[in-house]
Amino acid sequence: QLQLVESGGGLVQPGGSLRLSCTASGFNLDDYVIGWFRQAPGKEHEGISCIRGKDARTYYAESLKGRFTISSDRAKNTVYLRIDSLKPEDTARYHCAAGRLLTLYEGQYDYWGQGTQVTVSS
């Protein structure tokens with residue numbers, strides 16, 4: 001079955017950078033769009049960015065565009081999210097998800113990973 005596993009989270013100081021990974025199994029990444037989402041305590045689930053596996057076309061949430069970079073490695077069936085200039089407000093659990101459309105509308109994502117925790121603190 002389709003599975004997504006996130007990794008790369010951890011504790012990092014403000015201003016640092018982090019690269020998260022989302023590895024897919026049980027399906028061909030070329031047939032899907034992979035999105036990154038996050039949820040901080042007390043806040044709503046927030047879409048960050050997504051990428052289409054077949055051609056690596058990307059879409060970013062306007063409010064977050066600039067510090068976040070999404071990329072993919074088709075050979076490794078993996079999607080990455082690089083976060084630069086980390087801020088304490090970036091502290092959240094980050095999830096990847098698989099869907100069909102290049103959009104951050106959560107309703108079209110059918111498969112979700114368990115997430116990886118990112119904590120930004122000095």
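Predicted model: local features only at pLDDT ≥ 70, side-chain atom pairs only at ≥ 80, totals over all residues.

The largest core has 29 residues, and Phe27, Ile34, Trp36, Leu81 and Tyr94 touch the most other members. Next I checked which elements give two or more residues to this core: they are strands E3 (18-25), E4 (33-39), E5 (46-52), E7 (68-73), E8 (78-83), E9 (92-99) and E11 (116-120).

Skipping its neighbours within four places in sequence, I found Leu81 in contact with Leu18, Arg19, Leu20, Trp36, Ile48, Phe68, Thr69, Ile70 and Tyr94. Then I noticed a second, separate core of seven residues, with Phe37, Ala61, Ala97 and Leu104 among them.

**Zooming out**

I counted the elements: 11 strands and zero helices.

How much of the chain is buried? I noted 45% of the 122 residues. For contacts with a separation of 6 or more, 58% join residues 24 or more positions apart.

**Size and surface**

For 122 residues the rule gives a radius of gyration near 14 Å, and the chain has 13 Å, so the two agree. The C-alpha trace spans about 40 × 25 × 25 Å along its principal axes.

The accessible surface is about 6400 Å², and carbon and sulfur atoms own 44% of that. Last entry: I got 14 positive and 13 negative side chains, with the centres of the two sets 4 Å apart.

Notes: Residues numbered from 1 in each chain as written. Heavy atoms only, no water. Helix = DSSP H or I, 4+ residues; strand = E, 2+ residues; numbered from the N terminus. Rg over C-alpha atoms; globule rule 2.2 N^0.38 Å. Buried < 20%, exposed > 50% of the residue type's maximum accessible area, 1.4 Å probe, protein only. Contact = heavy atoms within 4.5 Å. Areas by Shrake-Rupley, 256 points an atom, 1.4 Å probe, with all protein chains shown as cover. Lys, Arg positive; Asp, Glu negative; His and termini not counted. Charge placed at Lys NZ, Arg CZ, Asp CG, Glu CD. Core = buried A, V, L, I, M, F, W, Y, C linked by side-chain atoms within 4.5 Å.
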